[in-house]
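Please read these notes with the model open beside you.

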Amino acid sequence: MAQLCLYLPPFSPDYSGAGAMLFDLNALTVMHDAGGCTGNYTGHDEPRWYDSKATVFCSGLRMIDAIMGNDQKLKDNVCAAIKTLNPEFVALVGSPVPMVIGMDLKGLAHEIESETGIPAIGIETTGTDYYDAGAFKAAKALLDKFCPPETTITPPSATDADTYELSGTLHYNILGATPLDYERTEDLDHLQDVLNRSGFSLIARPGYGYDLRQLRNMGQANVNIAVSHAGFLTAKYMEKKYGIPYLCGVPLGEKNLDLYAERLKEVALSRESEMFFSESFPDTPASTIKAYSGKCTGSHKETCSCRKTGSCGKTDSCGDKMNALIIGDQIISESLKHYFRDHLEVTVGCIFTPDRDIPSSSVLNLKNEKEIKKALCDERYSVIIADPLFEKLLPKNHKKLFLPLPQYAVSGDIYHKDAKPFLGKYFDDLLRNSPHTSYKSYKP
Amino acid sequence: MQCLCKGGLHYDAPSKGDYGICRMGLMVPESVELFVGPSACGRHGALGAIKNGYKDRIFYLYLSQSDIVSGYDDIIGDAVAEVLDTLEKAPKVIVMIFTCLDDLIGTDHEALKEALSDRFPGIVFQSSHMNPIKTDTSEPPAQAIQRDIYRTIATDFKNRGIRPEDIKKDAFVNILGAYEPLPESCELNRIAPLKHVTGYSSFSDFTAMASSRLNLVLTPLGRLAAKDMEKNFHIPYLEVPVSFDPEEISESYKAISQALGMDTVPDFEADRRAAEIAVERTRALVGDLPIIVDSSATYHPFGMAQALLGFGFNVIRVEAEAVIKSDEDHMEWIRANHPEVEFYRPDSCEAVLFDHRLTESLSIGIQAAYMAKSRYIADMFADLQMFGYDGIVSLMRRITEAYQNPRDLKQLINEYGLVI
């Protein structure tokens, strides 16, 4: 159903997610569109575009070709570009018009591959889904093409522990890492450094610093890490296809890094996938999250969780946790929820592709701006953690505590200067230094 | 020398872009926009609107796949009602922006506008398109939206029963196809008082553009608008492309004077002399520094290059995504007289090889600056605020500023707030 959006921009579409997943590879990436879709991706959804030599192009789809079903023009242009640029493979990425005219991009990719001998994939994105769905479609197409199970030596489960005992190394992939969720590369570098120091060895982190050789080896991992919803979808697919277990979720705060590495090792050796945010953590140091939490002190009694259940009944300070709403990628949001679990009663607001496979005690599927605004303005939530653009949906004089976490898939480069890394140790810094609410008067 | 014929895959450098259809449509005073299409299609326009400070005038109706299949005409009315509910003051005009797929679906826009006008009396509804899929047709989107800006007046007149013959003409001349008005320093102001769409804050005042006695089309963007206004308001038009060649400028003024029925051409000798002095000073300043001209700065990059070569500048390259008809003679002149000058397409797939770097150069236009990594960048875009001898002075000033105060290109691109 159509939805009206009055204040927010559209969020990153599926073809941008696909583009982000392909960006690092020596691919001839062709967005099959008239111009605006490619411009959306390169101009607003890809922070790595400036000064890059990524071979991402627009097909320049025109009316007459769409009406007449003239696929030959696209094929000819792709073949000409192959001769000039010598890519390792070709990726055709869909947009709304190919969807409307029912174009078979996978079939066309097959034809291009047959005629040129260059591997080609078709990714049938439509511009009507979100980036997480597109990133997964691209990851799946890449794995199917370049990492078929028959070429992968999957470590038999019985020998994983032995292998680890002998080599002291477990191999892993980081899945779902694109700038649309992690604008700052420090996040992934930090996570990788921590895990490497703990005896892990990275095979690939598709979407953020990888190549085709690494992609081809992804099926040899002992374990996968899913750091976003796109990563979770890919991890589930790889578990099914290659038998690789996964740990889903991200570590926040220095103190959780070692625990994260331990849990990853357990998952790898037990071959039982787990959600990191469903684990028991030690209490997070109160000093670092003081500004964003707290028991009800009386002044916040209207927004404490007891009001929801009616269990408190006290007129003064009741001591219950305050309610918070976290909006963003669902896996990152669930990880944040877990981090704050001793201090805040968190509800996660899902604004991208909803996924019932993510276990959560409290999720709101916010399908449109009206529902997002209603949730944000809900007086139960006294703490909001979300992209700063969402604060514009609140009344100007709101009294909520707003922790701004800019997300490229929401606000593009608008808050680029304010985007900070937030995984692991960086989250402690983020809380310590956050100005709380400082984005109301944004001026470019 | 690269072939400039269109074709092949398109490379979108970070420096590529324009004002965008949404931004242009909002030039209509007291208007708001309802963008109707898949959510993806609106992202660049919405982010651009936030950055440039007009997001409070654009609203979005996202279409799902089922809406596209079943048609969406009948859901627009409720969306308009909801938009109006949120506005403190009702707009005079609602410009509806549809996307590429609308051209394939066949929405009946006349019926849609009629239904909306019946439901929301007093508001002018305009159907417009952000449809690059029609770029190579007789209605390219950037020209069509310029036309649609003035069609809102025609619709308003029709609603009020005003016929073209009822419109009383005044002494003004409209400037079409330019995003911004000409500066007061431009000598064209001395021929006739000028009107530009950005000069109005109310829609009713804006309708006075239908009363002007002549339309001057400064860039190809204004062509469809001029033809439409000739039909709707009986305003004749004259195409006088922005030029930096004193002889061409002189010819333009002769044509304008004739179109206005003037007996003699005004004396602009002092303006011409001022331009010559500016050229001499700038030429002495930059010496033989290699200069690159590109089509992001001017719609006639070959014309500008020819003029600069004539002034004695060391133009070494012209970059253009396409050659418009009125620039073809300039291109041929350069080909014949300066075969050393390189032609280059910054949107070709070869562009990504970045094998045309020339840091020690001065680029006029951000596309060339990006491709060449020029140290010096003249801040000029889409012929903005350029015309006549004053345009030459302005161009020389920008070259001088570029040479004396090198700019950061990434910051400059960001300031332009372009969308593709």
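Predicted model: local features only at pLDDT ≥ 70, side-chain atom pairs only at ≥ 80, totals over all residues.

1. Directly after H9(B), His234(B) adopts a positive phi of about 60 degrees. A residue is called buried if 20 or more other C-beta atoms lie within 10 Å of its own, exposed if 12 or fewer do, and partly exposed in between, with C-beta atoms placed from the backbone.

2. Residues are numbered from 1 along each chain as its sequence is written, and chains are lettered from A and ligands numbered from 1 in the order in which they are written.

3. Chain A has 18 helices and 15 strands, and buried residues make up 53% of its 444 residues.

4. Helix H6 of chain A (residues 105-116) has 12 residues and reaches 16 Å from its first C-alpha to its last, close to the 16 Å expected at 1.5 Å a residue; the expected span is 1.5 Å times one less than the number of residues. Which of its residues are buried? They are Leu105(A), Leu108(A), Ala109(A) and Ile112(A). These residues lie on the same side of H6(A), because they cover an arc of only 105 degrees around the axis, the arc being that of the directions from the helix axis to the C-beta atoms. On the other side, Gly107(A) and Ser114(A) are exposed. The partners of the buried residues of H6(A) are helix H4 (71-85), strand E4 (89-93), helix H5 (96-100) and strand E5 (120-123) of chain A. After H6(A) comes Gly117(A), with a positive phi near 80 degrees.

5. The largest nonpolar core holds 272 residues, and among those with the most contacts inside it are Val90(A), Tyr172(A), Val36(B) and Val293(B). Such a core is a set of buried Ala, Val, Leu, Ile, Met, Phe, Trp, Tyr and Cys residues joined through C-beta atoms within 7 Å. Helix H7 of chain A (residues 131-146) gives the most to this core, with 10 residues. Leaving aside residues up to four places away in sequence, Val90(A) touches several residues, including Ala27(A), Val78(A), Ala109(A) and Ile112(A).

6. The domain assignment of chain A gives domain 1 (14-146), domain 2 (149-278) and domain 3 (286-433), with bounds that come from an automatic or database assignment. The contact between domains 2 and 3 of chain A takes 29 residues from domain 2 and 30 residues from domain 3. Chain B is divided into domain 1 (31-137) and domain 2 (276-416), whose C-alpha centres lie 37 Å apart.

7. Between the chains, 51 residues of chain B are in contact with 49 residues of chain A. On the side of chain B that touches chain A, H2(B) gives the most, with 10 residues.

8. Arg48(A) lies between helix H2 (36-45) and strand E3 (56-58) of chain A, and counts as partly exposed because it has 17 C-beta neighbours inside 10 Å. Not counting residues up to four places away in sequence, Arg48(A) touches Phe23(A) and Pro179(A). Ala208(B), in the loop between helix H8 (203-206) and strand E7 (214-217) of chain B, is partly exposed, with 16 other C-beta atoms within 10 Å. Ala208(B) and Phe172(B) are 36 residues apart in sequence and 9.5 Å apart in space, C-alpha to C-alpha.

Notes: Helix = DSSP H or I, 4+ residues; strand = E, 2+ residues; numbered from the N terminus. Contact = placed C-beta atoms within 7 Å.
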